Amino acid sequence: MSKLHISAAPHINSGVSTHNIMLDVVIAMIPASIMSVVLFGLKALWIILTCVASAVLSEFLFNLIAKKKQTVGDCSAIVTGLLLALNLSTNVELWQCVFGSVFAIVVVKGFFGGIGKNIVNPAIAARVLMLLTFASVAGGAAITPLFDLSFLGDAVPEIAAGATPLSHLNAGVEAAAEAPTLLQLLVGAHGGAIGETCAIALIIGFVYLVARKVIKWYVPVSFIATVFVCYLVMNGDVTYALAQILAGGLMLGAIFMATDYVTTPTGNLGRVVFCIGAGLLTFAIRQFGQYPEGVSIAILAMNLLTPFIADWTKKKTLGGIK
Amino acid sequence: MIFKKNISSLHVPHNKHTAGCVPVKIDTPKEVILPMNMHMGGHAEPIVNVGDHVRVGQLIAREEGRFSSPVHATVSGTVVEIFTMPTADGKGTKAIRIESDGLMEKDENLKPASFTNADEFLQAVRESGVVGLGGAAFPTWAKFNEMRNEEYTVDTVLVNAAECEPYITSDHRMMIDHPELIVKGVEYLREGMIEYLKNAKFKICIEKNKPDAIEAMKEAFKNHDYVEIQELKTIYPQGAKQVMLYNATGRVAIAGKRFPYFHAIIINVSSIAKMAEYLMTGMPLVERIVTVDGPAIKTPMNLIAPIGTKISELLKITGTKGEIGKVVVGGPMNGNAICSVDDPIVKVSNAVLAFDEKSAVLPEPTECIRCGKCADKCPVGIDVCSVDFAYNQKNEDKRAKLLIDTGVRQCVDCGCCSYVCPAHRPLLAINQDAKWWLKQYAKAQQEKEGGNK
């Protein structure tokens with residue numbers, strides 16, 4: 001018998017690893033990615049490929065140059081790249097995609113110490129930077145479907161307008177008549193960032209993540225519910241409030257960005273508080289701000305508050321004596 | 001309590017392959033090695049010399065220190081060596097090697113113990129060499145002795161039969177095969193400590209994944225109005241004493257306080273049975289049921305082996321498949337990996353698990369991604385992810401303050417945190433280090449204050 005291995009207990013583990021979790025998140029984003037290509041054509045595919053490739057490559061090179069342990073294998077760079085891509089509109093140039101990915105991986109993540117150490121979500125930070133630098137990123141580009149979508153009938157708006165549904169919605173309940181119907185919002189054949197428009201695809205991803213126990217269902221739901229309740233209280237119109245939560249980047253942000261482990265509080269109560277805060281900020285920005293869209297900025301702001309929320313919402317240890 | 005918060009817990013794969021295996025007595029081993037540290041407290045002191053002939057059940061090492069437990073010969077034969085055996089803490093312990101003559105002659109002086117009061121009862125339990133067989137190895141008499149205080153009355157005796165760790169079925173088999181011993185043990189305990197346990201309720205706590213054991217216990221105790229069979233959810237770590245106290249009585253254990261403070265004591269079901277065996281026959285703790293299982297075992301079995309039997313002997317009986325990468329004594333969540341299969345089984349060895357090369361090596365730890373699974377699954381809600389950060393503080397006062405804030409002193413050593421960690425960080429080990437350091441720090445602090453006065 002050869003030499004026996006010695007290690008501290010426990011000697012078994014759950015089989016869950018960082019790599020598995022990141023892979024699950026990637027899988028959950030696949031429906032949205034497919035829909036983005038269907039709705040926005042091959043340009044969307046190029047955006048996704050560019051973002052993912054440059055994110056992975058910059059992670060690899062950063063670790064190499066900084067002489068750090070290689071962490072490309074944990075797939076977190078793929079998540080960042082893909083998430084950033086889904087948040088961009090087809091107005092973006094491919095070199096801008098590279099710029100955003102490199103900024104996300106090197107500056108936001110790498111400089112702060114790599115995976116697990118970043119203060120804000122890399123994809124969101126990059127998106128906001130791009131929003132401020134290249135305004136074209138935010139403006140919703142009109143859809144350019146891969147194939148004729150007319151078989152969907154009423155689910156597709158007749159005029160493929162460049163403006164995002166939010167710009168109609170934010171003008172008030174009266175102007176909302178020009179916005180797509182709820183069914184159209186679910187299918188997502190309207191202007192916007194490539195991954196945010198198809199709510200059905202995002203909800204499929206959400207169900208997958210919950211089923212795989214990567215996230216708790218009530219975390220994204222609390223974000224979306226907060227926005228919904230705010231609009232309902234403000235206008236008393238259920239259809240309008242529903243349109244608000246289906247339009248824009250709310251679903252994408254709530255499901256994939258507000259549930260990022262690293263940049264949200266570690267406790268589930270803390271995460272709910274985080275999401276309620278982000279929901280309130282989103283509502284405030286959409287309602288009173290200059291930008292039509294506030295999700296990413298709201299999440300970015302809440303990211304900075306994460307340590308404090310985590311502290312306030314700390315679970316009490318059973319029998320703990322202070 | 002109307003609203004009782006559920007304790008966080010895990011569902012680990014049970015792998016109780018041996019639940020149906022009737023324990024088989026092994027052939028007398030050629031030699032046994034009996035370490036003197038098979039219990040918590042002071043190491044026992046050998047009272048035999050090399051060359052002495054000993055018989056089964058004969059006292060070969062006496063108690064030493066404030067609380068301790070005696071050691072008895074587990075085979076008949078000759079003492080061939082008294083040597084220093086290395087231990088994990090580096091201090092080493094004496095050990096007695098007995099070469100068996102294969103006869104298994106019983107010591108003729110053994111006779112059933114009788115008692116009329118608590119003093120005599122405790123003395124008898126002391127002489128039985130019984131310790132907490134669930135894993136803590138706390139001398140059983142010392143545990144009973146804690147009831148004898150002025151301040152707290154014990155109103156609940158928890159008999160721990162949860163056996164929440166995967167693989168192990170030795171307590172389970174004890175309940176199926178020897179319910180009479182458990183009944184006797186409970187009766188003896190109540191009788192012996194009647195001044196303290198007059199109004200106490202006995203609760204046999206069994207996880208629901210052992211319906212046959214629950215049935216057997218219900219049948220055995222049907223005429224005992226002071227005994228209740230408590231069915232507990234099948235979760236890990238149901239058998240951790242703090243968790244069981246909470247789930248069975250709703251009381252919350254506080255670190256640093258002994259159990260009678262919560263008006264309860266908790267004792268392993270096999271310890272109760274072994275104690276009864278001694279009181280009835282005079283045979284002290286010399287053999288036990290060991291579950292031999294694991295991915296590298298050919299036929300998982302329950303074996304009855306003399307304490308001190310080499311692990312290699314047990315593995316020979318069950319057979320192994322493939323290359324063995326790791327051997328663990330105890331459960332997979334809480335057991336110890338051993339260096340050599342020539343180590344003996346000791347009083348608390350309820351299982352021997354062999355892992356193949358593939359499952360022996362755990363993945364390398366990576367950076368924490370702050371997923372919070374560790375804190376989420378912690379039964380007592382320790383802020384596990386902050387312990388590492390707090391423990392690495394340079395300033396000792398700050399380190400102590402931050403560590404106390406995380407609640408790490410309440411850690412029950414269950415290992416749920418390490419089990420779920422996706423970054424495979426050795427969280428349990430860090431918690432244990434931190435806990436140990438905090439104790440040292442508190443001690444030093446006390447001394448400092450004493451000195452200033």
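Visitor: Is B:Lys435 buried or exposed in this predicted model?
Guide: In this predicted model, the side chain of B:Lys435 pairs with B:Asp413, with the closest N and O atoms 3.0 Å apart. Its relative accessibility is 17%, and buried means under 20%. B:Lys435 therefore counts as buried.

Visitor: Where are the two residues of the pair B:Lys435 and B:Asp413 placed in chain B?
Guide: B:Asp413, the partner in the salt bridge, is partly exposed at 23% relative accessible area. The pair links distant parts of the chain, 22 residues apart. B:Lys435 is in helix α15 (residues 427-452), and B:Asp413 is in the loop between α13 (396-406) and α14 (416-420).

Visitor: Which residues are joined into one network by salt bridges that share partners?
Guide: Over all chains the count comes to 24 salt bridges. Some of them share partners, and the network they form in chain B consists of B:Glu31, B:Glu81, B:Arg97 and B:Lys310.

Visitor: How many residues apart are B:Arg126 and B:Glu63?
Guide: Their side chains meet in a salt bridge at 3.1 Å, N to O. B:Arg126 belongs to helix α1 (residues 118-128), while B:Glu63 lies in the loop between β5 (59-62) and β6 (71-72). B:Arg126 is partly exposed at 25% relative accessible area, and B:Glu63 is partly exposed at 21%. The separation in chain B is 63 residues.

Visitor: Which residue of chain A forms a salt bridge with B:Asp376?
Guide: B:Asp376 is in helix α11 (residues 373-377) of chain B, and its pair crosses between chains to the loop between α8 (199-211) and α9 of chain A. The N to O distance is 3.6 Å, and the partner is A:Lys216.

Visitor: What kind of ring pair do B:Phe115 and B:Phe121 form?
Guide: The whole structure has 16 aromatic pairs over all chains. In this one the ring centres are 5.1 Å apart and the planes stand at 65°, where over 60 degrees is the cut-off, so the pair is edge-to-face.

Visitor: What is the angle between the ring planes of B:Phe259 and B:Phe262?
Guide: B:Phe259 is buried at 7% relative accessibility, and B:Phe262 is buried at 6%. Their ring centres are 5.7 Å apart, and the pair is edge-to-face because the planes are at 85°.

Visitor: Over which ring does the charged end of B:Arg190 sit?
Guide: B:Arg399 lies over the face of B:Trp437, 4.5 Å from the ring centre. For B:Arg190, the distance to the ring centre is 4.1 Å, and the ring is that of B:Tyr226.

Note on methods: Residues are numbered from 1 along each chain as its sequence is written. Chains are lettered from A and ligands numbered from 1 in the order in which they are written. This is a predicted model: local features need pLDDT of at least 70, side-chain atom pairs count only at pLDDT 80 or more; totals for chains, interfaces and linings use all residues. Side-chain values use heavy atoms; hydrogens and water are left out. Rings of Phe, Tyr and Trp (its six-membered ring) pair if their centres lie within 6.5 Å; planes under 30 degrees apart count as stacked, over 60 as edge-to-face and the rest as tilted. Buried means under 20% relative accessible area, exposed over 50%, partly exposed in between (1.4 Å probe, protein chains only). A charge sits over a ring if NZ of Lys or CZ of Arg is within 6 Å of the ring centre and within 35 degrees of the ring normal. A salt bridge is a side-chain nitrogen of Lys or Arg within 4 Å of a carboxyl oxygen of Asp or Glu. Helices (H or I, at least four residues) and strands (E, at least two) are DSSP runs, numbered from the N terminus.
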